[in-house]
Amino acid sequence: MLKYLRISNYALIKHVEIDFNKGFSVISGSTGSGKSIMLNAIELLVGGRFDKSSIKSNSLKCIIEGRFMLQDKHKIFFIQHDLDFDCHTVIRREINSSGKNRMFVNDTPVLLNVLKDLGSQIIEIHGQNQSIRLTQERYQKDLIDKFSGSTNILRSYRESYQNYLNELSNLKALKNNSSLSSEDLDFYKYQYKELSSSNIEIGEKLNLEKDIKDIQDIDKINSSINEFNEIFNSSLGVVELISMARKKISQIRSFTPISERLKSILIDIDDINSELDQIANKFSLQDNYLDIQSRFDLINRLLLKYKKTSEGELIELRDKLLERITFYENLSNSISNQENIVNNKKNNTLKLANKLSLKRKSVFKSISKDLIKCLNDLGIKDANFEIISENTDELSPYGIDNIKFLFSANRGTSLKELSKVASGGELSRLMLAIKYISSEFDDIDVLIFDEIDSGVSGEIASLMGEMMQKIGKDKQLFSITHLPQIAAKAAHHLNVFKQSESNETITSIVELKHKERVREIAKLLSGKGISIAATENAKSLLNQ
């Protein structure tokens with residue numbers, strides 16, 4: 001239940017703090033006094049949309065804070081969202097002049113969607129257009145699911161339905177890709193074969209460029225090798241002279257380290273000779289040059305043809321072509337497999353849809369019976385109500401049911417769809433009757449009716465007030481009303497009024513004591529001029 005509400009700097013409200021009681025409370029006030037402002041503030045507190053122009057002073061933050069008494073059933077929500085649970089939970093929303101929002105649950109910042117989810121589990125607000133929603137099929141299905149306890153089945157159905165839609169989307173994507181012609185596939189294969197047979201390696205072009213430059217300098221290379229051989233390997237060349245020197249000093253033991261160093265030099269020179277021989281052999285044949293140049297030209301041609309800048313990009317293109325070819329060659333099997341997946345998902349979803357449909361239909365008669373009784377109690381003596389449903393072939397987020405609420409207010413008239421026959425007053429009484437029969441199993445702790453009594457008066461208003469009294473035994477119920485018959489039935493009475501303060505108009509809210517209630521109800525009966533008769537009538541209403 002809502003225990004406490006604080007509103008600061010919102011619309012005409014400068015600062016209001018008020019404690020609430022359990023049971024049935026009414027909120028009254030003259031037209032334009034600010035009743036809707038208070039209701040909007042509560043909606044904001046539980047995740048409603050904010051209008052920046054509603055901030056009273058641009059220099060101050062708008063703060064709306066509420067303290068709720070929660071039950072253990074709400075613990076799982078707090079665990080799921082990593083919030084500290086407290087049976088006295090404080091929700092606060094702060095909005096600065098630029099429209100920036102901050103929301104807190106027990107002083108922990110939360111996102112707007114989290115606040116909305118929590119609010120939907122605590123408070124249900126029926127605005128002045130809520131009765132009109134009763135004529136909409138989506139709202140009717142929501143009501144049936146609450147009555148039938150179908151929430152878990154509906155959740156499972158929607159998960160299955162979403163999976164089915166995802167797989168159906170994948171199937172459509174596959175079929176869209178199947179438009180590739182055989183000529184295009186052959187072209188992909190040709191490109192892949194060309195790139196694959198080339199056996200290109202990363203860095204190959206750079207090495208080929210180096211080899212070509214060396215081949216072009218082959219005369220210089222051979223001349224240098226010949227000069228080296230003349231200096232090092234000819235008679236009395238470096239090798240022979242070092243060998244002779246080593247032979248001489250090796251006979252003296254103290255020169256052994258020097259002899260070993262000379263031996264190492266001769267080994268190095270021998271390695272150099274071998275490398276020079278390999279270089280000379282590499283560039284000795286003209287055919288080898290032609291092969292290198294041809295390979296270099298092939299790589300350049302492929303880079304130019306496929307508009308790439310490196311061997312790595314050509315390799316990447318080759319691999320993508322292979323993936324594409326494999327995909328299209330296996331597309332027929334992929335489509336067939338995906339069709340099987342879609343059919344299985346659809347069949348599973350249909351099973352859940354039929355289960356959901358049976359669950360809904362199981363409560364049609366009991367709902368109709370209870371509603372007719374309530375409507376009789378509310379003065380529609382010849383009311384008739386029936387719920388019918390036809391299964392459709394199309395799956396939807398709400399299942400396969402095409403649900404209709406049929407209603408007749410007069411004896412001898414045929415049942416017709418609710419939207420075509422019910423007046424505003426009848427819709428209000430229907431909504432109240434629905435909330436009355438659902439109050440026993442509905443998890444919502446706080447109900448707020450915003451002029452749900454519009455379109456009724458007199459005895460019917462009194463009957464509606466009595467029904468609200470009964471709902472108030474199980475729920476905390478607030479009703480914004482202009483009807484004295486309903487105001488008199490409440491256990492608590494709040495009055496919203498405007499007053500001038502420092503050259504500004506502000507809205508205030510107070511709880512009325514008994515004498516103040518008599519005066520307020522008398523005002524509702526007679527208007528501004530409160531007569532003695534109206535006062536006595538007000539006392540009589542309160543004593544009933």
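The structure is a predicted model, in which local features need pLDDT of at least 70, side-chain atom pairs count only at pLDDT 80 or more, and totals for chains, interfaces and linings use all residues. Residues are numbered from 1 along each chain as its sequence is written, and side-chain values use heavy atoms, with hydrogens and water left out. Helices (H or I, at least four residues) and strands (E, at least two) are DSSP runs, numbered from the N terminus.

**The six-stranded sheet**

- Six strands make up an open sheet, ordered β2-β1-β4-β5-β6-β7, with antiparallel pairing; two strands pair if DSSP finds at least two bridges between them.
- At the edges stand β2 (13–19) and β7 (108–110), each with a single partner strand, so one side of each has no neighbour in the sheet.
- On average, neighbouring strands of this sheet are turned by 15° against each other, direction ignored. Axes are lines fitted to C-alpha atoms, for helices over the stretch in contact, and angles run from 0 to 180 degrees between N-to-C directions.
- Five bridges join β5 (residues 88–95) to β6 (residues 101–105) in the antiparallel sense, and isoleucine 91 stands opposite valine 105 in β6.
- Helix α1 (residues 35–45) packs on this sheet, where it touches β1 (2–10), β2, β4 (62–69) and β5, and its direction makes about 105° with that of β1. Contact means heavy atoms within 4.5 Å.
- Helix α3 (residues 112–122) also packs on the sheet, touching β4, β5, β6 and β7, at about 135° to the direction of β5.

**The three-stranded sheet**

- Three strands form an open sheet in the order β9-β10-β11, and their pairing is antiparallel.
- Its edge strands, β9 (384–396) and β11 (416–417), each pair on one side only.
- Strand β10 (residues 399–408) pairs with β11 over two bridges, and leucine 406 stands opposite glutamate 417 in β11.
- Helix α5 (residues 137–148) packs on the sheet and touches β9 and β10, its direction making about 95° with that of β10.
- Helix α6 (residues 151–177) likewise touches β9 and β10, but its direction makes about 30° with that of β9.

**The helix pair**

- The axes of α17 (residues 424–438) and α18 (residues 458–471) come within 10 Å and cross at roughly 20°.
- The two helices, α17 and α18, are therefore roughly parallel to each other, a term for angles under 35 degrees.
- Among the residues making the contact are Leu432 and Tyr436 of α17 and Met464 and Ile471 of α18.

Technical notes: Parallel < 35°, antiparallel > 145°, perpendicular 65-115°, else oblique.
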